[in-house]
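Here is a short briefing for a first look at this structure. Keep the sequence and the 3D view open as you read.

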Amino acid sequence: MSNKTNNRTETVLNFLVCLCREMLENGANLERVNISVRRICRCYRLKAVSVFYGGSVISIGVTDEKENYYSRQESVPNTGIHLYKLGKLNLLVHEIINKNPKPDTLMDMLYETLMVKSYSNSIQLLGYIVAMISLGRIFGGSWTDLLVISFNTVVLYFITMFFSRAKLNRIISNVVAMMFCGFSAIIFTRVGIAKNISAIIITNAFYLIPGIPMVNAVRNIFCGNEMNGIIEMVKVLLEVITIVAGLYIASLLFGADALSLF
Amino acid sequence: MMGNIELVVLSVLASLGFAIVFQVEKKDLIFAGIGGGVTRIFYLLFLSFIPNRIVYVALSALIAALFAEIVSGIKHVPATYFMYPTMVPLIPGDLFYYMCVGLITRNTEMFKLNAIECTLALVGLSVGFVVCSFVSNIMRIRKLATIVGNAEDSEY
């Protein structure tokens, strides 16, 4: 009987850690993940002792009815936000809370939920171009500047995709991507095609600046998850510094006055 | 006036573009775009008569979060689903970027100015979102407690 209870608890815990990983990977905030874990735990008569997210690792600790302690850790890859998947995961949480299915079926339910359609790479690229052109215009870019921004966006898309597939650190990818943007903006401005170098660089930097993690970090600090918020904020800061470092390298190669920013 | 209309249209497009990137479902893209436009309209409105950045950003974020909560309630999806594309016009990416440029180039004045503005904008944004999600969570818990009759839920 005791072994059966242990297996049951471990099955639920294995599911929980995978669910948390998927939720965080697809853009959920920690508050939502915490609530989901606690509600599911209550369904299976477990007590969620702690849910800790350290930027790239999620750790969950629970106790069963006999006060035995179990814990699991899982790394959370940074693959990008998928809000449709997040919506489906949220529905899955509700389904589990309402129907209380057998623990053995939980993993299958999760895998089924994750089988959702995504936009193709070309549609995603189109989305990026539309967003970047709009932001470029907001930042004061002329029509020729917008052409350069679109060109840079396409190259940035492939650079980040290449580094993501090669599983290389985001820091390296940011430096290379922003260095390219710097080169491109300087060259196009020097040949007279582009006019507003700042608008091009700020818009393309927007592609790489982790805006949502930045807001989530501050939100976590305000919501009582200070440690997580601080870790996320440090991560965001590091990413932004690498963006600026890439641009700085480009300006050094072309001379300090190449960019009006420096 | 023309400039403001252009800004609103561009914000709609920016939110729409990011909604595609964030994999919002095809039928919901239009709501994500409208969210960006609504956020920009209120941002411009508050900006015109409130001088304090933290206040006008917080109020705009509150409107953005409210919009996301209402539409997500109708569509039965989590609020985050519309919140992320809707908040795009409010992200202080440029301020954050200039702050780091000031830091690396040791331009103290540039760093200080942008750091203060960026922090105010981020705090304002977070306050707006937190206030809205706090209120909607309380409303949801009360609704749930009434339906289920389970007061225990109030601990969440």
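**A buried asparagine, and the picture around it**

N174(A) sits in helix α7 of chain A, which covers residues 170-190. This is a predicted model.

**N174(A)**

- Is N174(A) buried or exposed? N174(A) is buried, because its relative accessible area is 0%, and buried means under 20%.
- N174(A) touches L208(A), E239(A), T242(A) and I243(A), leaving out residues up to four places away in sequence.

**Chain A as a whole**

- Chain A holds 10 helices and three strands.
- Along the sequence, the order of elements in chain A is α-α-β-β-β-α-α-α-α-α-α-α-α.
- The C-alpha atoms of chain A fill a box of roughly 80 × 35 × 30 Å along the principal axes.
- Chain A has 262 residues, and 53% of them count as buried.
- Take the contacts in chain A with a separation of 6 or more: residues 24 or more positions apart account for 65% of them.

**The nonpolar core**

- The largest nonpolar core has 125 residues.
- L19(A), V37(A), I58(A), I60(A), Y97(B) and F129(B) have the most contacts inside this core.
- Helix α1 of chain A (residues 2-25) gives the largest share of the core, with 10 residues.
- Domain 1 (2-114) and domain 2 (121-261) of chain A each give this core at least three residues.
- In soluble globular proteins, nonpolar side chains tend to be buried together.
- Which residues does L19(A) contact, leaving aside its neighbours within four places in sequence? L19(A) is in contact with I40(A), L89(A), L92(A), V93(A) and L110(A).

**Two domains in chain A**

- Chain A is divided into domain 1, residues 2-114, and domain 2, residues 121-261.
- The centres of the two domains of chain A, taken over C-alpha atoms, are 34 Å apart.
- Domain 1 of chain A brings 10 residues to the contact, and domain 2 of chain A brings 13 residues.
- Domain 1 and domain 2 of chain A bury about 930 Å² between them, with 48% of it on carbon and sulfur atoms.
- Between these two domains of chain A, the count of salt bridges is zero.
- Between domain 1 and domain 2 of chain A there is one residue pair in polar contact, both at pLDDT 80 or more.
- On the side of domain 1 of chain A that touches domain 2, α2 and β1 (47-53) each supply at least two residues.
- α2(A) gives the most to that side of domain 1, with three residues.

- The size of an interface is often given as the accessible area lost when the parts come together.
- Chain A and chain B bury about 4,900 Å² between them, and 74% of it is on carbon and sulfur atoms.
- R42(A), L83(A) and Y119(A) supply 15% of the area that chain A buries against chain B, more than any other three residues.
- The contact takes 56 residues from chain A and 54 residues from chain B.
- How many salt bridges does the rule find across the interface of chain A and chain B? The rule finds one.
- R137(A) and E6(B) meet in a salt bridge through their side chains, at 2.9 Å from N to O.
- Seven residue pairs are in polar contact across the interface of chain A and chain B, both at pLDDT 80 or more.
- Helices that each supply at least two residues to the side of chain A touching chain B include α2 (30-43), α3 (83-99) and α10 (226-254).
- α5(A) gives the largest share of that side of chain A, with 11 residues.

How values were computed. Residues are numbered from 1 along each chain as its sequence is written. Chains are lettered from A and ligands numbered from 1 in the order in which they are written. This is a predicted model: local features need pLDDT of at least 70, side-chain atom pairs count only at pLDDT 80 or more; totals for chains, interfaces and linings use all residues. Side-chain values use heavy atoms; hydrogens and water are left out. A nonpolar core is a set of buried Ala, Val, Leu, Ile, Met, Phe, Trp, Tyr and Cys residues joined through side-chain atoms within 4.5 Å. Buried means under 20% relative accessible area, exposed over 50%, partly exposed in between (1.4 Å probe, protein chains only). Helices (H or I, at least four residues) and strands (E, at least two) are DSSP runs, numbered from the N terminus. Domain bounds come from an automatic or database domain assignment. Contact means heavy atoms within 4.5 Å. Buried area is the accessible area (1.4 Å probe) that two parts lose on being put together, summed over both. A salt bridge is a side-chain nitrogen of Lys or Arg within 4 Å of a carboxyl oxygen of Asp or Glu. A polar contact is a pair of N or O atoms within 3.5 Å; within protein, one must be able to donate a hydrogen and the other to accept it, and residues adjacent in sequence count only if both atoms are side-chain atoms.
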